[in-house]
Amino acid sequence: MLQTFSTVQKCAVTLNANSGTNITPLFTYTPFTLSGYRVINENLALTNLQAIAYIYSQPTVPFPVFDLTESDSQQLLTAINLEWQNARIQMDTLVRVGLTGTYQRINSYSLTNPNPYPYKQFTLDNMLLGSGDMLGIQIKNVGYGLLQNSVSGSDVVTVSADLTTTITIEQTVNNASVIANNITTTPGTVVNSNVNRKGLTFFNNSSQTVYIGTTSSVSTTSYAVALAVGDYYESPAPIYTGAWYAVVASGSTAINIQEYS
């Protein structure tokens, strides 16, 4: 039986003068494991991605002032030029696909020393990741240095997000056993109760129809399943852990029964 569940946690990293140009993972990835289960699928989602930068080492960049006669595109160009043509430090976001993949840059942000505000805040794009994928943060020197400690203050950038992990798991079994049985015209137990049962299968490899049920009163007219010759039946989830009974219309026979725990 498949089970799916999600967990949500806050993750954050801070880059400073000691970070250099190293790529810093946004979170620590640990593959999910649970005894008795195997992972079918694992997806990661980064939402509410935010970055806040305090840059003191660079000259201040003035707040954009627009002429009333400027068009929207002219105002946008003025703001972009202030962002990207003044003294700045660049922050790149990168994605690594899989545990052994190579980081690839997906976006860049200009870190300036804005005036009159003491910091700069960014909203980053939400991102869906697969098992083992990672979002990395890197500082790049574009001619004005990296994050520094200056007399005015220490440059720092903090990136945070909500990390949602959605996992689908399936229960596994460690033991399988064939259950010997003898089915007659008198209803009898063919499988004893087992609270540790995780699976149960019936295959009618005999020469006559077998009637099985979960009560000792099973009969050829009152039963849970009638197994014709060659029929296969698997106990559905959630697994019934009680006893099973069987009967035949005449004579006696045996079928293939396997229990998994």
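This is a predicted model: local features need pLDDT of at least 70, side-chain atom pairs count only at pLDDT 80 or more; totals for chains, interfaces and linings use all residues.
## The largest pocket

The residues that line the largest pocket fall into eight nonpolar, six polar and four charged. The lining of the largest pocket counts 18 residues, and Met1, Gln171, Lys198, Gly199 and Ile239 are the closest to the centre.

Strand 13 (156–171) and strand 16 each contribute at least two residues to the lining of the largest pocket. Strand 16 gives the most, with three residues.

## The second largest pocket

The second largest pocket holds about 260 Å³ of space. Its lining is made of 14 residues, and those nearest the centre are Phe63, Pro64, Glu83, Pro114 and Lys120. By class, nine residues of this lining are nonpolar, three are polar and two are charged.

Two or more residues of the lining of the second largest pocket come from each of strand 4 (60–62), helix 1 (72–84), strand 7 (113–115) and strand 8 (120–123). Helix 1 gives the most to the lining of this pocket, with three residues.

## The sheet with strand 16

Strand 16, which also gives the most residues to the lining of the largest pocket, belongs to an open sheet of four strands in the order 14-21-16-19. The pairing in this sheet is antiparallel. Strand 14 (176–178) and strand 19 (232–234) are the edge strands, each of them pairing on one side only. From one strand to the next, the twist averages 15 degrees.

Within this sheet, strand 16 (residues 199–203) pairs with strand 19 in the antiparallel sense, over three bridges. Thr201 stands opposite Glu234, a residue of strand 19.

Another open sheet has four strands in the order 2-10-5-6, and its pairing is antiparallel. Strand 2 (24–25) and strand 6 (104–111) have a single partner strand each and stand at the edges, so one side of each lacks a neighbour in the sheet. Strands of a sheet pair through backbone hydrogen bonds, in a parallel or an antiparallel arrangement.

Strand 5 (residues 89–96) and strand 6 run antiparallel and are joined by seven bridges. Ile89 has Leu111 of strand 6 as its bridge partner.

Which strands pair with strand 20? Strand 15 (residues 188–191) pairs with strand 20 in the antiparallel sense over three bridges.

How values were computed
Residues are numbered from 1 along each chain as its sequence is written. Side-chain values use heavy atoms; hydrogens and water are left out. Two strands pair if DSSP finds at least two bridges between them. Axes are lines fitted to C-alpha atoms, for helices over the stretch in contact, and angles run from 0 to 180 degrees between N-to-C directions. On a 1 Å grid over the protein atoms alone, a cavity is a set of points where a 1.4 Å probe fits but cannot get out, and a pocket is an open set with protein on both sides within 12 Å along at least five of seven lines; lining residues have an atom within 4 Å of a point. Ala, Val, Leu, Ile, Met, Phe, Trp, Tyr, Cys and Pro count as nonpolar, Asp, Glu, Lys and Arg as charged, and the others, Gly among them, as polar. Grid points are joined across faces, edges and corners, and a volume is the space filled by probe spheres set on the points.
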